[in-house]
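Here are a few notes to read alongside the model. Take them in order, with the structure open.

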Amino acid sequence: MKPLQVTQAQQDPQSHTDCIDQASDKSIVVPNKHVTIADSFKGEHSWFITTHIPTDFSIQIQETTYNVHKFPLISKCGYLGRLEVQPLISNSGKELNLENFPGGSKTFETILKFCYGFPIDFNPENVAALRCAAEFLEMTEELEDGNLISKSEAFLTFVVLASWKDTITVLKSCETLSPWAENLQIVRRCCDSIAWKATKDELTCEDAAPNQETWWFNDVADFRIDHFMRIISAIRAKGTKPEIIGKCIMQYAKRWLPGMDMELEGIRGYGHGKSSLEFSIFTGRKKESTGHSKDQKTIIENLVSIIPPQQGAVSCKFLLQILKLARMYSVSQALTSYLEKRISMVLEDAEVNDLLIPRYQNEEMANMPNSSDECTMHDVDVVQRIVEYFLMHEQQQMQQQPKLGRFNISRLLDNYLAEISRDPNLSITKFQVLAELLPENTRTCDDGLYRAIDTYLKTHPSLTEHDRRRLCKTMNCEKLSLDGCTHAAQNDRLPLRTVVQVLFSEQVKMRATMQEKEQEQSGINSEQDENQTSASMDIKTLKSELEHVKSKMIELQKDYFELQREYEKLNSKPKNSTGWSLNWRKIKNSFHVKPAGDEIGDEQDVTKSPEPVQQKGTPRRRTSMS
């Protein structure tokens, strides 16, 4: 125990007002007429104040009893003032038990210090508890100015809500202050402040980096599920993207549901009997208590209720993990059906390992007589319902907006059949129903279905011939590839009729392949013939053009020789120079075409010159054209 030493102040004779006591270290400041504390200490389960004036009554908070004076508390606490007239407080030595006091004994000690004049420090850890306790004791401004309600409210409004870290701390402390924190709107104000700060950067910068969008996930994921839902509702009201809300929900599930990040393996253990199958799920933790199971169930139900309705908000893997945990903790059938429908909308993104949902046995199933279907390792009925919901959803989508190539889950379902076919307790009816769920035009190749059938026949060697034929009817032999036909033709586990169908299909495929090759070869030859024909036609065209050019050249040579002979004759007769010049111009015009104006000019020159033009001495010789 640590005593608090308090000294009484000396009265000033010049003043009739109240004096103030001051002492160093652990001193208090109290009016002189209210000085009643000389020493105080706290025991293991009691809190004493020793003064010159004896204590009036005792107050019990939880397991601690406080021996205090009536007047300092009544002067600031309206609740205790209203109880003053009751015999419980008026009679000395009686004890007042304050049940469900907000904040407990630690908060009440701080309030006692405030009532006796001790200075108290407000911080994010205690301000919410002090605000609720002050409301409980009715410490209003009507009793005293600057009472605890106004001071704690001012610190909460102007200091705490302005800081992200302080707001997180205060909201975390409100988890133990229900329903006072809810009634005083502390939780609502903290949630609104957190939502505003979380979405402020997103609203100001739409192209923010992924780490900038998710910086607040870890802080929000530490809250209790009811406070987390309040924050998500406030964030959604501010127009946050559904993808970001979905990521935050997945982060919270990873934080509070340990089974989310664990692979549910170890389910393939076989029992001693041939018809019984025993399996267990190892999650790396001990058997959970009933209270913890209820908490997990509550978290699952609340998380599912706040998942955004958009398809891309959460991944298909997350939905399947939630579905596994929902069936583990036996949540309501309505919520399970809702999850199955949500999964069917994004089933194309699922993986085979995610669809392997173990069959959990509750107390009702344990009391039922065992059957082969109830002892299977995987819950086949859940997957069957999911696929049926998927087909219904796709049919509605095709009616509203026709889309091609939407049935892309045939490979997923065939791989799932190959996995569950290893279960020796899986009935042939269940297998056949799952195999025939999809329409006939969905599968373009039945190799995956053949592999699942072969695995089932290998795991169940005691099937009759009738059951083998019944199982193989689900497969279309015409849709097997050439490699699949080759393997099936040599498979001894298949019935004889199926093998014959496979051989016939293989021959048809080989014949079709040969015809395609022949057509391709004939097509190549025809293309080559066409190319050769076109080349020969081009050669013939060029030859004809060359012959035409040669004939033109021969005609020009003949004309040239005739002109040369005429020229020689004209040289031998000089008197006929005028006629020769006219003939020469005609010959020249035959080689060079002149404009009409030039020809008219030449004719005028000829008509104007009556005298003959005489040629000068040496004639010009021309070289022959080759």
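1. Angles under 35 degrees count as roughly parallel, over 145 as roughly antiparallel, 65 to 115 as roughly perpendicular, and the rest as oblique. Axes are lines fitted to C-alpha atoms, for helices over the stretch in contact, with angles from 0 to 180 degrees between N-to-C directions. Helices are DSSP runs (H or I, at least four residues), numbered from the N terminus.

2. Before going on: this is a predicted model, where local features need pLDDT of at least 70 and side-chain atom pairs count only at pLDDT 80 or more, while totals for chains, interfaces and linings use all residues. Residues are numbered from 1 along each chain as its sequence is written, and side-chain values use heavy atoms, leaving out hydrogens and water.

3. Look at helix H5 (residues 127–137) and helix H6 (residues 148–160): their axes come within 9 Å and cross at roughly 150°. H5 and H6 are therefore roughly antiparallel. On the H5 side, the contact (heavy atoms within 4.5 Å) includes Val127, Leu130 and Ala134, and on the H6 side Leu148, Phe155 and Val160 are among the residues involved.

4. Most residues other than glycine have a negative phi, and most peptide bonds are trans. Ser178 and Pro179, though, are joined by a cis peptide bond, with omega about 0°. Pro179 sits in the loop between helix H7 (164–173) and helix H8 (180–183).

5. Gln185 isn't a glycine, yet has a positive phi of about 65°. You'll find Gln185 in the loop between H8 and helix H9 (186–204).

6. Ser330 also has a positive phi, near 55°, and lies in the loop between helix H15 (316–328) and helix H16 (333–345).

Methods:
Helices (H or I, at least four residues) and strands (E, at least two) are DSSP runs, numbered from the N terminus.
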